[in-house]
Amino acid sequence: MTTAVLNIPRRRVSRDGCSGGRGRRATLEESLGATLVSARAGEPADCPLCPGTMRAADGSAVCDSCGSTLS
Ligand SMILES: [Zn+2]
């Protein structure tokens, strides 16, 4: 069984040199969670599956391009 890795560029918020996370990739769960949080906050979030944008819809995030739903 292969582990799926989604490589999504993280937004640069501020320098945080003590986290030890340099070069670390976000896990799929973290990426999907961050996408859902952003969409719920009313911010456009990148779809993890396509170049589309996820938008909030009834507590979920729905991609306006491929139709994927995160909840
Ligand atoms: Zn999509």
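Visitor: How many residues lie between E1 and E2 in the hairpin that they form?
Guide: In this predicted model, E1 and E2 run antiparallel and are joined by two bridges. One of the pairings involves Ala45, whose bridge partner in E2 is Met54. The number of residues between E1 and E2 in their hairpin is six.

Visitor: Which residue takes a positive phi in the hairpin of E2 and E3?
Guide: E2 and E3 run antiparallel and are joined by four bridges. Their hairpin has two residues between the strands, and the loop in question lies between strand E2 (53-57) and strand E3 (60-63). Most residues other than glycine have a negative phi. The residue with a positive phi, of about 55° although it is not a glycine, is Asp58.

Visitor: Is Asp58 buried or exposed?
Guide: Asp58 is placed in the loop between strand E2 (53-57) and strand E3 (60-63). Because Asp58 has 7 other C-beta atoms within 10 Å, the residue is exposed.

Visitor: What distance separates the C-alpha atoms of Asp58 and Arg40?
Guide: Arg40 belongs to helix H1 (residues 28-40), whereas Asp58 is in the loop between E2 and E3. Along the chain the two residues are 18 residues apart. The separation of their C-alpha atoms is 8.9 Å.

Visitor: Which residue takes a positive phi in the hairpin of E3 and E4?
Guide: E3 and E4 run antiparallel, with two bridges between them. Their hairpin has five residues between the strands. The residue with a positive phi near 85° there is Gly67.

Visitor: What is the order of the strands in the open sheet?
Guide: Strands of a sheet pair through backbone hydrogen bonds, either parallel or antiparallel. Here the open sheet has four strands with antiparallel pairing. Strand E1 (45-46) and strand E4 (69-70) are the edge strands, each pairing on one side only. The order is E1-E2-E3-E4.

Visitor: What pattern does the protein follow when read along the sequence?
Guide: The protein contains one helix and four strands. Helix H1 covers residues 28-40, and the edge strands of the sheet are E1 (45-46) and E4 (69-70). Read along the sequence, the pattern is α-β-β-β-β.

Visitor: At about what angle does H1 run to E2?
Guide: H1 has 13 residues and reaches 18 Å from its first C-alpha to its last, close to the 18 Å expected at 1.5 Å a residue. The helix lies across E1, E2, E3 and E4. Its angle to E2 is about 60°.

Visitor: Which residue in E4 stands opposite Ala61?
Guide: Ala61 is the bridge partner of Ala56 and a member of the largest nonpolar core. Not counting residues up to four places away in sequence, Ala61 touches residues including Thr35, Leu36, Ala39, Ala45 and Met54. In E4, the residue opposite Ala61 is Leu70.

Visitor: Of the 71 residues of the protein, what percentage count as buried?
Guide: The cut-off for a buried residue is 20 or more other C-beta atoms within 10 Å of its own. Residues of the largest nonpolar core, among them Val62 and Cys63, belong to this class. Of the 71 residues, the buried percentage is 13%.

How values were computed
Residues are numbered from 1 along each chain as its sequence is written. This is a predicted model: local features need pLDDT of at least 70, side-chain atom pairs count only at pLDDT 80 or more; totals for chains, interfaces and linings use all residues. A residue is buried if 20 or more other C-beta atoms lie within 10 Å of its own, exposed if 12 or fewer, and partly exposed in between; C-beta atoms are placed from the backbone. The expected span of a helix is 1.5 Å times one less than its number of residues. Two strands pair if DSSP finds at least two bridges between them. Two residues are in contact if their C-beta atoms, placed from the backbone, lie within 7 Å. Axes are lines fitted to C-alpha atoms, for helices over the stretch in contact, and angles run from 0 to 180 degrees between N-to-C directions. A nonpolar core is a set of buried Ala, Val, Leu, Ile, Met, Phe, Trp, Tyr and Cys residues joined through C-beta atoms within 7 Å.
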